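Try each task before reading its solution.

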Amino acid sequence: MGAFLPLYAPLTPEEVRQIDHTSRQVLERVGVTVYESSCLETLDAAGACVDYQTQRVRFDGDWLNAALGSAPSRFVLYSRDGQNDIHLGDGKVYFTNGGRVFRIQDSQGRGYRYTMLRHVARTAALVNQLQHINFYIVACQAHALKPETYHLNDFYQAFKHTTKHVMGGCDDLDGVKQVWELASFIAGSEDNLREKPFVSVITNPVSPLTIEAKTLRVLRFCCTHGIPVTCAPAPIAGATAPATLAGTLVQMHAEALAGVAIAQALAPGAKVLYGAVPATMDLRNMEFCLGSVEAAMMNAAAVQLAKLYNLPIYASAGVTEAKKSDIQAGCEKTLSNLLVAMAGADCIHLSAGILDSGNTISYAQYVIDNEIIGMVQRVLSGIKVDQDTLALGAIQEAGPGGNYVVQDHTVKHMLDEFFYPALCVRSNFDIWEAQGCPDMFTRASDVARQAVEGSSNPILDAALVHRIKRVFPGIEDV
């Protein structure tokens with residue numbers, strides 16, 4: 001995988017340079033508002049141009065180059081079992097779900113309800129079983145939780161139900177401290193967690209060109225404690241960013257570079273991803289569009305901009321405005337996942353389980369998206385051409401009018417050459433009708449139901465669960 005990436009590049013090299021140059025002008029002339037006094041002092045001491053009165057920070061070109069140069073181009077998001085480590089910067093494309101959704105669709109795909117803590121546990125268990133979703137982002141808000149134990153509980157349920165890497169947003173300093181303490185306890189020590197961090201954190205600047213105090217405090221904590229982090233801007237073309245795609249990319253690139261540079265000022269060498277969550281507005285009716293084709297194009301372009309600085313990128317794809325798992329969802333999700341993956345993004349978030357512009361999750365949609373991602377990964381793996389796959393010997397053996405079904409060559413390659421979908425209908429009509437006319441949604445619902453039923457079996461050792469509950473009394477059962 002990745003040997004021939006990128007397969008898709010929406011920008012020419014000259015256009016990449018133009019956008020980058022303009023973004024650097026924005027950082028030097030306009031700057032970024034930084035609403036946190038200690039961060040302003042750190043940036044001032046590091047050599048950035050700080051105006052304390054306006055809380056505006058500007059980035060001189062040489063200073064910016066030095067800051068970006070200290071950001072690592074490669075690092076690992078570890079899994080707890082070592083079987084699903086995410087090697088960022090190695091030319092591979094990884095997929096993950098999205099987070100902080102507040103509704104879940106029912107199993108029939110018709111009604112909706114607010115998400116609770118049990119839905120965090122169930123989505124983590126589901127992702128743990130889905131082959132093509134490489135790590136887990138805390139999927140939804142647990143509405144019934146007290147604010148003071150929100151992050152403790154949702155990350156605990158994630159750790160309890162998947163051994164894959166866990167990523168999630170943290171609202172404030174207390175929340176990220178809870179996550180650090182819990183993860184350190186599970187790792188056995190703080191040093192163990194620093195060595196192989198199996199948790200990472202999402203932070204977001206506010207477009208246009210603003211980073212709030214809570215975000216900066218979380219960012220500082222992560223950078224100084226060895227927690228991988230992304231500072232991912234989410235500009236909306238025509239609303240919180242210019243209406244042109246190029247203009248939105250200029251602003252987004254400036255915001256993303258500022259996030260990386262600030263992280264390096266806080267802790268040189270901090271593991272930080274270039275973040276990108278650009279979207280558009282349907283300006284006919286002022287509706288937010290996270291799944292538009294233009295959003296997919298901008299995310300693919302963001303990959304080019306991040307790679308200009310050899311920065312691993314956290315991009316976005318697989319989102320839809322559709323309210324249920326329908327044809328629109330399939331079109332929008334497949335197109336964006338394919339474009340951004342073909343551009344060579346290191347990791348693609350929102351790629352699974354999401355409906356309704358990022359507001360709703362569906363268990364069945366997770367399973368459907370897992371299959372879509374499997375197809376995309378097959379595209380990325382390309383066509384292998386060597387003496388064996390050219391198959392001259394097999395063609396000679398079959399000869400005119402022969403067949404290849406029972407040849408050793410066919411048996412040898414039947415598993416490594418083809419992607420075999422689990423949900424797509426490939427039977428003839430009579431068999432399909434006899435099976436009750438299943439479609440992708442009904443089959444995905446069956447798979448999801450079995451996975452969710454198995455979510456009562458935690459991944460964490462029972463003795464460790466007992467110790468965690470004793471040390472962290474704020475943890476609640478689902």
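Buried residues (under 20% relative accessible area, 1.4 Å probe, protein chains only) make up 54% of the 478 residues in the protein chain. The model is predicted: local features need pLDDT of at least 70, side-chain atom pairs count only at pLDDT 80 or more, and totals for chains, interfaces and linings use all residues. Residues are numbered from 1 along each chain as its sequence is written, and side-chain values use heavy atoms, with hydrogens and water left out.

**Exercise 1.** Explain why the radius of gyration of the protein chain agrees with a compact globule.

Solution. Start with the rule: 2.2 Å times the number of residues to the power 0.38, with the radius taken over C-alpha atoms. For 478 residues, a compact globule would have a value near 23 Å. The protein chain has 23 Å, so the two agree. Next, check the box: along the principal axes, the C-alpha atoms fill roughly 80 × 60 × 50 Å.

**Exercise 2.** Find which residues Ala 234 contacts, leaving aside neighbours within four places in sequence.

Solution. Apply the cut-off: heavy atoms within 4.5 Å. The contacts are Ser 207, Thr 240 and Val 277. Now take Val 277: 43 residues from Ala 234 in sequence, but 4.5 Å away, C-alpha to C-alpha.

Key: Buried < 20%, exposed > 50% of the residue type's maximum accessible area, 1.4 Å probe, protein only.
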